[in-house]
Amino acid sequence: MTDDRRGDDVQVASHGEGAPAIGKVGKLFLSVFVGDPAEFIGNVKRWSGWNWPPFFLVITLGAVALIIAPGGPTDQFLWVYVAIGTAVVVAFCRVIGVGSRDSSAVWRALMTGGSLLLAVLGIVGMDHLADHGEVDVTGRTRISPATGTNGSRLRVVVNAPPERAQLRLVLTVADAVPGAQSCTPDTEMALQLPNNANTLVADVTSGQPVEFPLGGLRDRIVVDVDLLTEDGCRMSVSVAEAALHD
């Protein structure tokens with residue numbers, strides 16, 4: 001009789017939904033192979049597939065912003081890089097569920113929305129800089145002839161320039177025959193846009209930046225350079241910097 005009751009006890013204890021033995025075995029199984037069930041469920045929620053699309057969208061917008069970035073000084077892009085970087089960090093924190101146990105659904109939604117907003121701000125900002133930011137056009141600039149004497153006229157040409165309102169030009173002057181002369185300190189230049197006396201800038205020395213106002217559509221920019229040096233001196237003139245900006 002005792003054995004029958006034990007058998008009945010075993011049968012009752014080992015069958016039936018919600019039975020104590022099954023509950024203990026189930027918890028033991030989860031503890032060994034999964035860990036704490038509550039923690040496991042929390043991780044599943046944190047790494048849910050629904051969290052990934054906003055993250056990948058932020059990455060995509062950031063990549064597009066970097067692709068359309070124009071050439072120019074790095075400091076003008078600093079705020080855009082900060083916006084994109086912050087968006088990626090916030091979106092990734094949302095995916096891995098940083099602080100999800102202590103944060104409300106509203107706060108998590110704000111993290112997702114904020115990261116997307118920052119990413120959009122980054123791509124809009126980069127697009128604005130592509131249209132209005134400073135562009136380095138030194139590589140598109142040539143000067144001819146590259147050497148001259150007192151009274152020589154040289155011409156600087158910027159080919160296929162982006163549309164901007166201002167040109168900043170820096171020319172470097174050096175002795176063409178360094179061992180036979182030393183004329184650089186006494187050499188100056190007068191620069192102007194052709195047929196526009198209002199743009200004349202005189203007494204320009206080597207390395208001095210000069211600004212020219214521009215306007216209208218154009219396939220190239222031309223600047224005339226008159227060389228003023230000592231008689232008998234032969235000077236080399238090169239373009240150190242050419243940049244367009246608004």
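This section describes the fold, helix packing, nonpolar cores and local backbone features of a predicted model.

The protein chain has six helices and ten strands. Of its 246 residues, 33% count as buried.

Two helix pairs were examined, and both involve α6. Two packed helices are described by the angle between their axes and the distance between the axes. Helix α4 spans residues 52-67, and helix α6 spans residues 105-132. Their axes come within 8 Å and cross at roughly 15°. Angles under 35 degrees count as roughly parallel, and α4 and α6 are therefore roughly parallel to each other. Their crossing is left-handed. On the α4 side, the contact is made by P54, L57, V58, L61, V64 and A65. The α6 side contributes T112, S115, L116, A119, V120, G122, I123 and M126. Eleven of these contact residues are nonpolar and three are polar. No charged residue takes part in the contact of α4 with α6.

The second pair joins α6 to helix α5, residues 78-96. Here the axes lie 8 Å apart, and the packing angle is about 155°. Angles over 145 degrees count as roughly antiparallel, so α5 and α6 are roughly antiparallel to each other. This crossing, too, is left-handed. From α5, the contact draws on W79, V80, Y81, A83, I84, T86, A87, V90, A91, C93 and R94. From α6 come R108, M111, T112, S115, L118, A119, L121, G122, G125, M126 and L129. By class, the contact of α5 with α6 holds 15 nonpolar, five polar and two charged residues.

The nonpolar cores come next. In soluble globular proteins, nonpolar side chains tend to be buried together. The largest nonpolar core of the model has 28 residues. Within it, L169, L171, M189 and L191 touch the most other members. Strands β4 (153-159), β5 (166-175), β6 (188-192), β8 (209-213), β9 and β10 each supply at least two residues of this core. The largest share, five residues, comes from β10.

M189 has contacts with residues beyond four places away in sequence. Among them are L171, V173, V201, A202, V204, V225, L227 and V237. M189 also touches D203, T205, S206 and D226.

The peptide bond from S144 to P145 is cis, with omega near -10°. P145 sits in the loop between β2 (141-144) and β3 (147-148). A160 is not a glycine, yet its phi is positive, at about 45°. A160 is found in the loop between β4 and β5. N195 likewise has a positive phi, of about 60°, without being a glycine. N195 lies in the loop between β6 and β7 (201-204). With a relative accessibility of 83%, N195 counts as exposed.

G232 is placed in the loop between β9 (220-228) and β10 (235-245). At 79% relative accessibility, G232 counts as exposed. G232 and T149 are 83 residues apart along the chain. Their C-alpha atoms are separated by 7.1 Å.

Terms used. Residues are numbered from 1 along each chain as its sequence is written. This is a predicted model: local features need pLDDT of at least 70, side-chain atom pairs count only at pLDDT 80 or more; totals for chains, interfaces and linings use all residues. Side-chain values use heavy atoms; hydrogens and water are left out. Axes are lines fitted to C-alpha atoms, for helices over the stretch in contact, and angles run from 0 to 180 degrees between N-to-C directions. Helices (H or I, at least four residues) and strands (E, at least two) are DSSP runs, numbered from the N terminus. Angles under 35 degrees count as roughly parallel, over 145 as roughly antiparallel, 65 to 115 as roughly perpendicular and the rest as oblique. A crossing is left-handed if the near helix is turned anticlockwise from the far one by less than a right angle, and right-handed if clockwise. Contact means heavy atoms within 4.5 Å. Ala, Val, Leu, Ile, Met, Phe, Trp, Tyr, Cys and Pro count as nonpolar, Asp, Glu, Lys and Arg as charged, and the others, Gly among them, as polar. Buried means under 20% relative accessible area, exposed over 50%, partly exposed in between (1.4 Å probe, protein chains only). A nonpolar core is a set of buried Ala, Val, Leu, Ile, Met, Phe, Trp, Tyr and Cys residues joined through side-chain atoms within 4.5 Å.
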